[in-house]
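Have a look at the model first, then read on.

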Amino acid sequence: MGESMTWLQTLVLGLVQGLTEFLPISSSGHLRIVSEIFFGTDAGASFTAVTQLGTEAAVLVFFGKDIVRIVTAWFRGLAHREHRSDLDYRMGWYVIVGTIPVGVLGFLFKDQIRTGARNLWLIATMLIVFALVIAAAERYGRKTRKLDELTLRDGVLMGSAQALALIPGVSRSGGTISAGLFLGLTREAAARYSFLLAIPAVVASGLFSLPDAFEPAGEGLNASGAQLFVATAVAFAVGYASIAWLLRFVVDHSMYWFVGYRIALGTVVLALLATGTISAT
């Protein structure tokens with residue numbers, strides 16, 4: 001039986017989840033880092049997955065009208081061939097196809113994701129390495145294609161990039177937005193598709209991990225039902241505000257802001273590990 005989670009840990013980690021889920025800085029990496037630095041332990045992959053349900057609920061609410069329109073158009077297109085050229089019908093398929101890579105890899109490597117992949121040496125390194133990928137995407141992406149120009153190929157490639165976020169420190173939004181930029185999408189178009197693409201995978205992951213969050217099979221704190229609910233609610237409220245902020249931010253600001261932050265944080269964590277100030281596992 002693992003250590004029980006405190007209410008302070010519950011509130012802090014719920015706040016961190018909400019703040020970082022939609023930014024290209026890795027929410028799972030931040031939860032692992034904050035847990036180790038401030039609490040000397042790991043909240044666990046299952047707790048991370050469950051609290052992501054709160055941030056994904058924020059996406060469902062924020063993009064509620066878009067989601068209903070896409071789902072309706074998808075079913076209408078299945079029944080009536082003449083509607084299959086509609087963007088919303090195609091978007092439904094892009095989300096479905098783009099979800100397959102992370103679903104398959106997440107299932108195959110679920111044990112490694114919950115244990116070895118949470119090593120802080122790996123997380124800090126990925127923060128820095130993938131910062132360079134984001135910087136390259138910002139530098140070389142044309143940023144001219146709008147959301148209505150999205151293709152099935154884009155969905156497959158961005159979905160494959162989303163699967164990289166199974167490694168803490170990469171970032172789900174960082175992977176998909178970077179792939180979108182490399183494909184010539186505008187930052188806003190890449191971010192919007194990134195949010196929609198994340199819904200099926202994150203909801204499935206959170207529901208799958210819910211039983212294990214109470215008694216983690218790997219490393220992790222034991223959280224009560226009340227603590228999971230509060231952490232998820234906090235993540236929802238803060239996550240909703242984060243979505244609105246990021247969509248406004250990317251219109252007029254580059255991704256270099258996040259690149260600099262990732263490199264700085266990764267460097268600090270590596271220094272703390274090298275001096276023995278914090279433990280990697």
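This is a predicted model: local features need pLDDT of at least 70, side-chain atom pairs count only at pLDDT 80 or more; totals for chains, interfaces and linings use all residues.

1. Arg 118 sits in the loop between α6 and α7, and Asp 42 in the loop between α2 and α3, so to speak from distant parts of the chain, 76 residues apart.

2. Arg 32 and Glu 36 are linked with Asp 42 and Arg 118 in a network of salt bridges. Searching the whole structure turns up nine salt bridges.

3. Another one to look at is Glu 138 with Arg 187, whose side chains meet at 2.8 Å, N to O, in a salt bridge. Glu 138 belongs to helix α7 and Arg 187 to helix α10, so this pair ties together parts 49 residues apart in sequence. Glu 138 is buried at 7% relative accessible area, and Arg 187 is buried too, at 14%.

4. Asp 154 and Arg 145 also form a salt bridge, their closest N and O atoms being 2.5 Å apart. Both of these residues are buried.

5. Now for the surface. Ile 100, Val 104, Leu 105, Phe 107, Leu 108 and Phe 109 make a nonpolar patch of about 580 Å². Phe 109 is in the loop between α5 and α6, and counts as partly exposed because its relative accessible area is 41%.

6. Last, check Ser 27 in helix α2. Its relative accessibility is 7%, so Ser 27 counts as buried. Beyond neighbours within four places in sequence, Ser 27 contacts Gln 17, Thr 20, Glu 21 and Gln 52.

Terms used:
Residues are numbered from 1 along each chain as its sequence is written. Side-chain values use heavy atoms; hydrogens and water are left out. Helices (H or I, at least four residues) and strands (E, at least two) are DSSP runs, numbered from the N terminus. Buried means under 20% relative accessible area, exposed over 50%, partly exposed in between (1.4 Å probe, protein chains only). Contact means heavy atoms within 4.5 Å. Patches are made of residues with over 30% relative accessible area and no salt bridge: like charges are joined within 9 Å, nonpolar side chains (Val, Leu, Ile, Met, Phe, Trp, Tyr) within 5 Å. Accessible areas come from the Shrake-Rupley method with a 1.4 Å probe; for residues, only the protein chains shown count as cover. A salt bridge is a side-chain nitrogen of Lys or Arg within 4 Å of a carboxyl oxygen of Asp or Glu.
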